[in-house]
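These are my notebook entries on one structure. I set down what I looked up, in the order in which I looked.

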Protein chains: 2
Amino acid sequence: MSEHHRMTRQRRVILEELRRLSTHPTADEMYGIVRKRIPKISLGTVYRNLEMLAETGTIRIVRTCGRQMRFDADLSDHVHAVCVRCGKVIDMPGASPAVHPGIPGPAGSGFRQIATRTEIIGVCADCTGGEAECEG
Amino acid sequence: MSEHHRMTRQRRVILEELRRLSTHPTADEMYGIVRKRIPKISLGTVYRNLEMLAETGTIRIVRTCGRQMRFDADLSDHVHAVCVRCGKVIDMPGASPAVHPGIPGPAGSGFRQIATRTEIIGVCADCTGGEAECEG
DNA sequence: CTACCTGCAAACCCTTTGCAAACCG
DNA sequence: CGGTTTGCAAAGGGTTTGCAGGTAG
């Protein structure tokens, strides 16, 4: 119930490592990375810390059309490109999404708009040769 | 390995029922609906048929920031609005997304762009009163 | 007939949780 | 010290899959 958060070694290392990356790692990838410095850390701890860091606005959770959550320490407003083959997420600096609003749902359905989320779908350099099935 | 698909009763009913809806149901919701007409149908069959119908381009899989897949028989190009409280997806007719492209990733990373996916995040009429944690 | 499809149930993957011990402040 | 946090392991939810029996063409 409290709002006091302690800076444990686990939390510090997770944040340090995430900030070192621009690859938007999954929880599992973070687990692998952090384990090099804290071999006994558990995956549950990684999830709990990433979730808390996101709640306090220190990092962001990146939810793409892919199945796994990804995490990003870059809080600036930027667009992500998602590889439909491997799920990798890369930044698209300079891309600027714009949504010219329409009328939500069956006329005036009372939908209160908070934000817009745009991602670019494609195939990354490592995966060239395949096709997509991500939808919009 | 074949490309021949049979029109089974299960497949026909799933497609009929999906076409009757504009609510972008989850697999589980489809299961509930179809079971009224085919009580013994299994959830696995529902998933397999929805997947195949999507592969053949008859329907679309709608992947939002939410955890569950949703399905849509409306193949036209349209924007979805996602409720962050309940996950419901509604259509936003008239909304037109535009992405002014930037340079993908670390200069010329070879990302081949296929599409853009935009969704509107907000709170639906039934859920007014809460807040968000969906990211972009 | 027979390749494709179904129902069932178990397997899978990712994420979340309960709990007792460890730890920060 | 006392409330947080951890490690472990099990539970949870959504989706996928193996299999043997059923069925469309």
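**Entry 1: Elements of chain A**

I began with the secondary structure and noted that chain A has three helices and six strands. Helices (H or I, at least four residues) and strands (E, at least two) are DSSP runs, numbered from the N terminus. Read from the N terminus, the order in chain A is α-α-α-β-β-β-β-β-β. The C-alpha atoms of chain A fill a box of roughly 50 × 45 × 25 Å along the principal axes.

I also recorded the conventions. This is a predicted model, in which local features need pLDDT of at least 70 and side-chain atom pairs count only at pLDDT 80 or more, while totals for chains, interfaces and linings use all residues. Residues are numbered from 1 along each chain as its sequence is written, chains are lettered from A and ligands numbered from 1 in the order in which they are written, and side-chain values use heavy atoms, with hydrogens and water left out.

**Entry 2: Helix packing**

Two packed helices are described by the angle between their axes and the distance between the axes.

Contact means heavy atoms within 4.5 Å. The α1(A) residues in this contact include Ile14(A) and Leu18(A), and those of α3(A) include Val46(A) and Leu50(A). By class, the residues of the contact are seven nonpolar, three polar and one charged (Ala, Val, Leu, Ile, Met, Phe, Trp, Tyr, Cys and Pro count as nonpolar, Asp, Glu, Lys and Arg as charged, and the others, Gly among them, as polar).

Within α1 of chain A, Glu17(A) and Arg20(A) lie three residues apart, about one turn of the helix. Glu17(A) forms a salt bridge with Arg20(A), the closest N and O atoms being 3.2 Å apart. A salt bridge is a side-chain nitrogen of Lys or Arg within 4 Å of a carboxyl oxygen of Asp or Glu.

**Entry 3: The two chains together**

How are the two copies related? I found that a rotation of 179° with 0.1 Å of shift along its axis superposes chain B on chain A, with an RMSD of 0.2 Å. The two copies are thus related as by a two-fold rotation axis. In chain B, the C-alpha nearest the axis is that of Thr118(B), 2.1 Å from it. The superposition is by least squares on the C-alpha atoms of residues with pLDDT of at least 70 in both copies.

At the interface, 52 residues of chain B are in contact with 52 residues of chain A. Of the interface residues of chain B, 100% are also interface residues in chain A, so the copies meet through the same surface. The area buried between the chains is about 4200 Å², of which carbon and sulfur atoms give 55%; buried area is the accessible area (1.4 Å probe) that two parts lose on being put together, summed over both.

I counted two salt bridges between chain B and chain A. Arg117(B) and Glu119(A) meet in a salt bridge of 2.8 Å, N to O.
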